[in-house]
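Hi there,

As promised, I am handing over the structure for you to look through. My notes on what turned up in it follow just below.

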Amino acid sequence: MELISTDQTIKCFHCGDDCVNEVIRFDQKQFCCHGCQSVYQILSTNGLTTYYDLESNPGISGTSQDQHKFDYLGNREIALKLLDFSSEHLEKVRFSIPSIHCSSCIWLLENLRLLNQGVLSSRANLAERELSIDYDPSSISLKQVVGLLTSIGYEPAINLEQRKSDKDHAGNRELILKIAVAGFCFGNIMLLSFPEYLGLDLGIDSQLASWFSWIILVLSFPVLFYCAQGYYRSAINGLKQGYLNIDVPIALGIIALAGRSYYEIIFKLGPGYLDSLAGLLFLLLIGQWFQHKTYQNLSFSRDFKSYFPLAVNRLQDGIEQVVLVDDLMPKDVIAVRHQELIPADSILLDQTAAIDYSFVSGESQLVSRGQGELIFAGGKHTGTKAHYQVTKPVSQSYLTQLWNHQAFNDEKYDPRQLKINIISKYFTTVVMLIALVSAGYWLVVDPSQSLFVFTSVLIVACPCALAMATPFTLGHAVREFGKNRLYLKNAQVVDQMSKIGTIVFDKTGTLTKAKSKLIFSGDMSDLQAKLVLALTEHSNHPVSQSINVHLKSLHPDPSPQPSVTDYQEQAGRGISANIDGHRVKVGSSSFIGSDITQDIAGTYVSINEQVLGGFYYQSQFRRGLTGMVKDLAQKFKLTLLSGDKDHQKQLLIDQFPEFNSLHFSKSPMDKLEFVESEQHKGDRVMMLGDGLNDAGALQKSEVGIAVTENPQHFTPASDGILHASALGKLGSFMKLASWSQYIILMGIGLSFLYNVVGISFAVSANLTPLTAAILMPLSSISVVVFTTLAVKLVAVRLKLA
């Protein structure tokens, strides 16, 4: 390391600031202070120097606008909403960090104290992509903590969505606790039961054997009264609603099994069946956990609050003040910087602004707006900082109206429609009839056996194997989908997918890539291109900048620099100037003074009143779509709904002739109403979209799949999140969902065979504890093994495994 003084302006390799007075040279790089040098050394030692490739200038954390991004965290009221604990020398906070992805990330995030001594400790959770930080507020502020994370490439996701509560996972933790309790009791009951029900003579005296029986009885209490309570509750709720779900016969079987066992143990008539009871509940709870296990690091229930910022800059007497978005009122004036979201319906106060509505309307083109025009919430401001006057509170804006629709309050899934619950209605009735008829028969033949036979039928016919066919089949299907980057909200979505008849696609961001390619249509020489390049250099408008970058990639050396005079820019129309004796214009067709007959929306170029052509954004279709569409068209009705204009309609027809219908210029509400209309015709609909403009349709459809190029980034509320690269596998996903239903039916058939064998033992008064101990677990394990192997085999055949 070398420390030298300098009068030259040198940029720090890490932070991008000027090195004032002195420069620290280390590893052939320059740093402004020992702190920056230490951070680089830590990153370099742990192979994380790719951080410096995040932007064109290594280490520079952002523009001057970016440096103000987290100013709102300086507001104590806002900070307290984020903190878990606050005192004079200790504050605790948890952040969602979408970019955590490997052990190196965890190492760096858990060593933040090496980067700033104000950080006391930090703990990363890779599965939840969450970071917990303890820091000393007298040494470092919350804003500085967030700035530190952002500077090393781990910007926290901070938005209006209410922070995840510990209660969100309470149900899952309780289920795991029940599994642990049932497993503990099952193992110990089995251990204590071996000598008795296998008839082994180990010299155990009668008093010790009696003690074993009472210990077994006590061990069964947590299983019966804690682990099984969910089945009792579900059975009672089902009966209250007037239908027999699968938990009704399970609850009957559990009660019969426990009652019979307690009777035998208390009156010393036998060992009972408590080992079978504990074992079956243990397996049932594992199946329940397997079915409910999902991708906890993904959010499937996001709404507009996930997309909106937590705070915004409001102008008060000409001074910017940070306020909560919820506190914005009509007539408030807000300052919005480049790429920031406009959180409420507002009127533009500046001369001009370019708005990106792609995530709200689906329209991929930037929209130019002039002073006094109404700007709807949800658009992203692009270009230099602009000022807007709020016309409506956030809760009443155009965007939030979508979340007031009834579709967001309706329950999607009716558990009564699951095959297992339909079958259970008949299963329970048949079992009760068999039990009553058998008891009646033995009441005549041998009254002492009547009650024994009645309870034996209920015990052996407990539909545990039947109940395991569905969760293990659907659970394994969810796992296979996840391996192929389709992450489903829960296992019920697989069942819904198998019933779909119509598939509706959004276009922009779903069938096409999120980033469009800038194309020039026309004839422009190298000299003319250099003139246009010189003109666009003078404009900050995002479209002008895009054209400028595009032309620079084609003409990297435009020297000598042309002379630009009489530069003019008309808001929302275009730019013009005299360049080396030529009048150059770039803008709308009306601005350049020509009627363009092309259907595409573009930005046109004229030199000396001669129209050369136009720039426009061309959508790039994702790979594998042609084969996917052909595959799906064999079974499903396919429809396209797009917020874009129809300038690409013929291209889509030529590319995908299998689509049954194409619809353009559709608003978010139009999309939702289209899905409703298809459902009123009796169709079950799957919707695939990527933005807030699709949120209503995704929620209303039987299955809503959000397509994204990064599952950790914002996606609207949905039943599943599909990585864009896996969209071409949709046909295989639908086939696996259909096959899962056949596998469930075969698993149910296998469990019925077991019931036939078991009931034959029960009605003949030959059901012994040993027979039950063999048949009941064996049937359940057989169904689990069968469904596991069957799903895997189908996935292999479909090339998903």
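Two strands count as paired if DSSP finds at least two bridges between them; helices (H or I, at least four residues) and strands (E, at least two) are DSSP runs, numbered from the N terminus. One caution before the details: this is a predicted model, where local features need pLDDT of at least 70 and side-chain atom pairs count only at pLDDT 80 or more, while totals for chains, interfaces and linings use all residues. Residues are numbered from 1 along each chain as its sequence is written, and side-chain values use heavy atoms, with hydrogens and water left out.

Let me start with the sheets. Strand β12 (residues 352-356) pairs with β15 in the antiparallel sense over 3 bridges, and Ala354 stands opposite Thr382 in β15. Both strands belong to an open, antiparallel sheet of 3 strands in the order β13-β12-β15. Its edge strands, β13 (367-370) and β15 (380-382), each pair on one side only. On average, neighbouring strands in this sheet are turned by 40 degrees against each other, direction ignored.

Another open sheet has 6 strands, again with antiparallel pairing, in the order β9-β8-β10-β16-β11-β14. Here β9 and β14 (374-375) are at the edges with a single partner strand each, so one side of each has no neighbour in the sheet. Strand β11 (residues 346-348) pairs with β14 over 2 bridges, and Ile347 has Leu374 in β14 as its bridge partner.

Next, the charges. Side chains of opposite charge can pair when their charged atoms come close. The structure holds 20 salt bridges (a side-chain nitrogen of Lys or Arg within 4 Å of a carboxyl oxygen of Asp or Glu). One of them joins Asp332 to Arg314, with the closest N and O atoms 3.3 Å apart. Asp332 lies in the loop between β9 (319-324) and β10 (333-336) and Arg314 in strand β8 (residues 311-316), so the pair ties together parts 18 residues apart in sequence.

On to the helices. Helix α19 (residues 625-633) packs against helix α23 (residues 730-763) at an angle of about 35 degrees, with their axes 8 Å apart. Axes are lines fitted to C-alpha atoms, for helices over the stretch in contact, and angles run from 0 to 180 degrees between N-to-C directions. In this contact (heavy atoms within 4.5 Å), Met628, Asp631 and Leu632 of α19 meet Leu730, Gly731, Ser732, Met734 and Lys735 of α23.

A cavity is a set of points on a 1 Å grid over the protein atoms alone where a 1.4 Å probe fits but cannot get out, and lining residues have an atom within 4 Å of a point. The largest cavity is lined by 11 residues, with Pro249, Leu252, Val431, Leu458 and Ala461 nearest its centre. The elements giving two or more residues to this lining are α8 (247-266) and α12 (419-445), and α12 gives the most, with 4 residues.

Best wishes

Methods: On a 1 Å grid over the protein atoms alone, a cavity is a set of points where a 1.4 Å probe fits but cannot get out, and a pocket is an open set with protein on both sides within 12 Å along at least five of seven lines; lining residues have an atom within 4 Å of a point.
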